[in-house]
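User: Got a model here I'd like to go through. Can we start with the salt bridges?
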There are 2 protein chains.
Amino acid sequence: MMQAMSDSRNQTDSLGRLKRLDREIHLLEHVAGLLQWDQETCMPPAGIDERADQLALLEGEVHARRTTAEMGDLIGAAESRSDLTELDRALVRELRRGYDRATRLPGDLVRAMARQSSVNHATWVEARTKSDFSIFRADLEHTLKLTREKADCLGFEDTRYDPLLDEFEPWMTTAELRGVLDALRAPLVDLLQRITGSGVRLDDSVLHRDYDVAAQRAFSDYLLEALGFSAQTGRLDVSAHPFSTTLGAADGRLTTRFYPNLLSASIFGTIHECGHGLHGLGVAPELATTELGDGTSLGICESQSRFWENLIARRRAFWEHFYPELQPRFPALADVGLDQFHQAVNAVQPSLIRVEADEVTYNLHILLRFGLERRLVDGEIEVADLPEAWREESRELLGIVPEQDADGVLQDIHWSMFLVGYFPTYSLGNLYSAQFHAAMARDIGDWEEQVRRGEFAHILGWLRDRIHRHGRVYSATDICRQVTGEPLNARYFLDYLEGKFGELYRL
Amino acid sequence: MMQAMSDSRNQTDSLGRLKRLDREIHLLEHVAGLLQWDQETCMPPAGIDERADQLALLEGEVHARRTTAEMGDLIGAAESRSDLTELDRALVRELRRGYDRATRLPGDLVRAMARQSSVNHATWVEARTKSDFSIFRADLEHTLKLTREKADCLGFEDTRYDPLLDEFEPWMTTAELRGVLDALRAPLVDLLQRITGSGVRLDDSVLHRDYDVAAQRAFSDYLLEALGFSAQTGRLDVSAHPFSTTLGAADGRLTTRFYPNLLSASIFGTIHECGHGLHGLGVAPELATTELGDGTSLGICESQSRFWENLIARRRAFWEHFYPELQPRFPALADVGLDQFHQAVNAVQPSLIRVEADEVTYNLHILLRFGLERRLVDGEIEVADLPEAWREESRELLGIVPEQDADGVLQDIHWSMFLVGYFPTYSLGNLYSAQFHAAMARDIGDWEEQVRRGEFAHILGWLRDRIHRHGRVYSATDICRQVTGEPLNARYFLDYLEGKFGELYRL
């Protein structure tokens, strides 16, 4: 009896210790998040040198805690218990995943990747500026070599792409991913051809008139309040590349950018990041600042930004409420009616640059990148083949071909940063968002009426209850089944596009 | 020979290790500084709970490094060497001082002070709001008890006030301090009486007209550039209580506040913090982010803010250049001439509140506080005697008596935060600033002409070379002797006041 009690106390102590270590890790990660947020929004330019050292030190503190032998022992001890709550089991599962990933990579490889990443930044920028792939080629080859080594260290059964994808979309296999994304390809290409062949052109030139930046800022703030993103728990700033970061259980930071000649960038950029922010702040308080405190995968995270940006805010019902609020703020909109504005923000046009793409063509850009990076990792093509392969795929998918590599293979920063396996999560986000939206529409009968009245509390509550509050307790696959009753299925997204653009382009 | 080489290498290694630990400490302190800066300027209100935990974790990391046995051994090893450079000797001296101070305080006492500090905040705020000293009395008594314990742990020869003062004004004794401040008392009281009896009244009501906040902000930015505080290495934000913090070798943050009905607060607040910021950014790069990277004492730090705020920017020559720039920005100044403005920003008036005091009465507020806190620590008076003692001293020094304790003994937050020994550094700053200014005036013959032309590079260069770049290499006492050729002497400050206010008040 004494023995049992003592064991039990030791077990409780060791789980408590594990949780304290875990909390320290996430407090430190939030601190590092603040440093990065500050670097992008506030820091004076000359602060960069020391900031890099501050971040490296914090990352070292996090890494040390994640990989210490004590952490391994504590996880092992917790795994051997049969009396854990569901939440504790999920915590231990995710800590094990992080521990294994972190300890399987040798320090030399981690340092080699960090060095190469730093070198890449300079050569990629130069290559893109001069639109000369040969400047970046050797570094990308070395990056691919190190990426393969990384995959080998992490281990895999089927393909080296599996452990790379798993970094961003945990527990999903390449085979599953291909199954879902392959189903997109032919219908999307077909839809795009029907749109470009429809004879209908939606005119988005009104978005490029003069829009006062201060008035755009005020409208972004207004939108955030309306969507339920409160100034009590978050704020909006300006950065070169919009992002969202959660710096604490009740501290969400969004950024956007304002162009004096492009109204849509700030509106939809703000709403996109707001979707991320609401997700981050919606995690249950007891999970925040733990290994379960983030979104469960990048696909799920992106589903929340896309849900608000596209499924809600590019809808006519949304602008029935907000356009009367928007129009008087900008003289440039004086002669623009609601329908004209709604069409402008939904114009479809094949273009070379992913980040400027519309809802129909965006995923074609992703299919292109996913196909190339998977074949690179699997050795089916070589780095030297990339520019030509890019052009071929671009012709096939989008019907247009970049004349220069700056608009093709050199346009994205991701590969230079070892972000291989990241691109497909953008498409997964689009697919999840449509499938979640369909489930929400079943549960909330008058959801569109609510949008038309500018009321989002019910919809946000639904997302919080079904998705946000769970953090990483469930995998993306499990969340999808729980929320929608079936595995991820591209049909919902395709149905959504057909319905919306079929009407707009009179297909 | 081999032995000697090996020793030498070990010594070099151990000094290198000491410096790496020291750098980590200061990187972490800069990170903590960013968290505090963000808390005051940007953080959404609900972020406060987790922010407190983030800061506590970082402070724990710093404390652990400062007090580890390895740190003690490394300092001891460095102290035993005879071949250190002057900079390394100074570094080891300051690390020893910090190590001894940190290791002499038992963890229980540190925690008890932290708890009491937290309790104090609530009771002090309530006591001040209700102007009822009895609400705060018991907590202040306990605070005093813990403060005495702290002094006993730190050790002292003469008075318990010595180790408390040493926290903020290192290497200065209470006896030295009393010598300097006692010399201020009679001449200041006399000057104030001559001013109030002069029959001259300088009218500062023009400063209380309507001043557009955005225009105040723009003028503050303009002033910062003009004074040499570059947006490349720093920025200005808004906070409830203005402060300056250096977050890296090239990252200085200032805050100020803007009142729509008080122009002087933003102008002189900005210039004051700019003085701190220029000091922080002027430290030699090889000292920044080391134990030698801050100002050598709070008195020296305050001398730099006061130098710019008072010795330069309340001078007529300064406004000969800047008033033509200021006046057209604000309709409220249309009928205000240069002399009228210069008089308004130099009006002397005994008042109850320290933070609103002018150059003449400010130090009387400090003499009052210093006398009371020294007598409290030495047991010459009790906490219960404070309100009455405050009134007596106020009558004696300022000629006015607070009707309520909110305007008397409850007005400052310092004692509630265990900041005993801090107040006198404000006066030391004023004295140092005048003594430095006199030395600068000897070295730069046409300095006032330069101010009249709005040129500050020469003056700033003088401060950087004589003071800023040295960080904490020299003690305040040594810096003062090096720069001015003599120890701190209240005469320079008194001469400055006599000259300026003698003219303004026609004494």
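User: Is A:Glu320 buried, exposed or partly exposed?
Analyst: A:Glu320 is partly exposed, at 27% relative accessible area. Buried means under 20%, exposed over 50%, partly exposed in between (1.4 Å probe, protein chains only). The model is predicted: local features need pLDDT of at least 70, side-chain atom pairs 80 or more, while totals for chains, interfaces and linings use all residues. Residues count from 1 along each chain as written, chains are lettered from A and ligands numbered from 1 in written order, and side-chain values use heavy atoms, without hydrogens or water.

User: Which side chain meets A:Glu320 in a salt bridge?
Analyst: A:Arg316, at 3.0 Å, N to O. A salt bridge here is a Lys or Arg side-chain nitrogen within 4 Å of an Asp or Glu carboxyl oxygen. Both residues sit in helix H12 (residues 316-326) of chain A, four residues apart. Helices are DSSP runs of H or I, at least four residues, and strands are E runs of at least two, numbered from the N terminus.

User: How many salt bridges over all chains?
Analyst: The count is 110.

User: What does A:Glu291 pair with?
Analyst: A:Arg66, with the closest N and O atoms 3.0 Å apart. The pair links distant parts of the chain, 225 residues apart. Both A:Glu291 and A:Arg66 are buried.

User: New topic. Where is A:Lys150?
Analyst: In helix H6 (residues 133-154) of chain A. A:Lys150 counts as buried because its relative accessibility is 8%.

User: What does A:Lys150 touch?
Analyst: Leaving out residues up to four places away in sequence, its contacts (heavy atoms within 4.5 Å) include A:Arg101, A:Glu167 and A:Phe418.
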